[in-house]
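Good morning, and thank you for coming. I would ask you to look at the sequence and the structure together while I speak.

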Amino acid sequence: HFNFDTNAFLIKRFAHALSPNGIIIFQEFVVADAPTFNVFQHHPKTIQFDFVMLLSTEQGRVYSIPDFDQLFLTTNLTRAGLLALTPGPSTLVAARHSAS
């Protein structure tokens with residue numbers, strides 16, 4: 001459970017291993033963007049996990065879609081899709097390596 005910079009570093013390493021147009025998929029607990037955050041829009045386990053990250057890690061937290069987009073901007077990736085794994089709290093976040 002890492003901070004933004006460590007996640008960016010890891011994603012860059014993953015992206016480097018992908019072929020052009022390759023896809024990487026992350027299974028994550030995803031929250032809405034902070035300015036529009038509404039606890040009732042989220043699965044309770046996502047909020048619980050975010051709270052656990054706050055209490056038990058130095059800088060870990062649950063990321064939003066805009067956070068993932070920002071992480072992808074630091075690499076040669078673009079968001080390729082989202083899939084909520086209902087009824088549970090997880091979301092699959094897919095990113096595509098841009099053709100070079």
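First, a word on the source. This is a predicted model, in which local features need pLDDT of at least 70 and side-chain atom pairs count only at pLDDT 80 or more, whereas totals for chains, interfaces and linings use all residues. Residues are numbered from 1 along each chain as its sequence is written, and side-chain values use heavy atoms, with hydrogens and water left out.

Let me begin with the fold. The protein chain has 3 helices and 4 strands; helices (H or I, at least four residues) and strands (E, at least two) are DSSP runs, numbered from the N terminus. Along the sequence, the elements follow the pattern α-β-α-β-α-β-β. Of the 100 residues in the chain, 32% are buried. Here, buried means under 20% relative accessible area, exposed means over 50%, and partly exposed lies in between, with a 1.4 Å probe and protein chains only. Among contacts with a separation of 6 or more, 59% are between residues 24 or more positions apart, where contact means heavy atoms within 4.5 Å.

Which residues touch the most other members of the largest nonpolar core? They are Ile-11, Phe-26, Phe-68, Phe-72, Leu-77 and Val-93, out of 14 residues in that core. Two or more core residues come from each of helix 1 (4-17), strand 1 (23-31), helix 3 (65-73) and strand 4 (90-97). Helix 3 gives the most, with 4 residues. By a nonpolar core I mean a set of buried Ala, Val, Leu, Ile, Met, Phe, Trp, Tyr and Cys residues joined through side-chain atoms within 4.5 Å. Phe-68, leaving aside its neighbours within four places in sequence, is in contact with Glu-28, Val-30, Tyr-63 and Val-93.

I turn to the helix pair. Two packed helices are described by the angle between their axes and the distance between the axes. Helix 1 and helix 3 pack at about 55 degrees, with their axes 9 Å apart. The axes are lines fitted to C-alpha atoms, for helices over the stretch in contact, and angles run from 0 to 180 degrees between N-to-C directions. Why are helix 1 and helix 3 called oblique to each other? Angles under 35 degrees count as roughly parallel, over 145 as roughly antiparallel, 65 to 115 as roughly perpendicular and the rest as oblique; the angle of about 55 degrees therefore makes this pair oblique. The contact is made by Phe-4, Asn-7, Ala-8 and Ile-11 of helix 1, and by Asp-67, Gln-70, Leu-71 and Phe-72 of helix 3.

Next, the last two strands. Thr-91 is found in strand 4 and is buried, with a relative accessible area of 12%. Not counting residues up to four places away in sequence, Thr-91 touches Phe-26, Gln-27, Glu-28, Val-30, Leu-82, Leu-83, Ala-84 and Leu-85. Ala-84 is in strand 3 (residues 77-84), and with the same exclusion Ala-84 touches Ser-90 and Thr-91. The C-alpha atoms of Ala-84 and Glu-28 are 9.6 Å apart, although 56 residues separate them along the chain.

Also in strand 3 is Arg-79, which is partly exposed at 38% relative accessible area. Beyond four places in sequence, Arg-79 touches Ile-65, Asp-69, Phe-72, Ala-94 and Ala-95. From Arg-79 to His-97, 18 residues apart along the chain, the C-alpha separation is 9.1 Å.

Finally, the loops. Where is Pro-87 found? Pro-87 is in the loop between strand 3 and strand 4, and a cis peptide bond joins Thr-86 to Pro-87, with omega about 10 degrees. Asn-21 lies in the loop between helix 1 and strand 1. Although Asn-21 is not a glycine, its phi is positive, about 70 degrees, and Asn-21 is partly exposed, with a relative accessible area of 44%. Glu-58 is in the loop between helix 2 (44-56) and strand 2 (63-64). Is Glu-58 buried or exposed? At 79% relative accessibility, Glu-58 counts as exposed. Glu-58 and Asn-3 are 55 residues apart in sequence and 8.3 Å apart in space, C-alpha to C-alpha.

Thank you; I welcome your comments.
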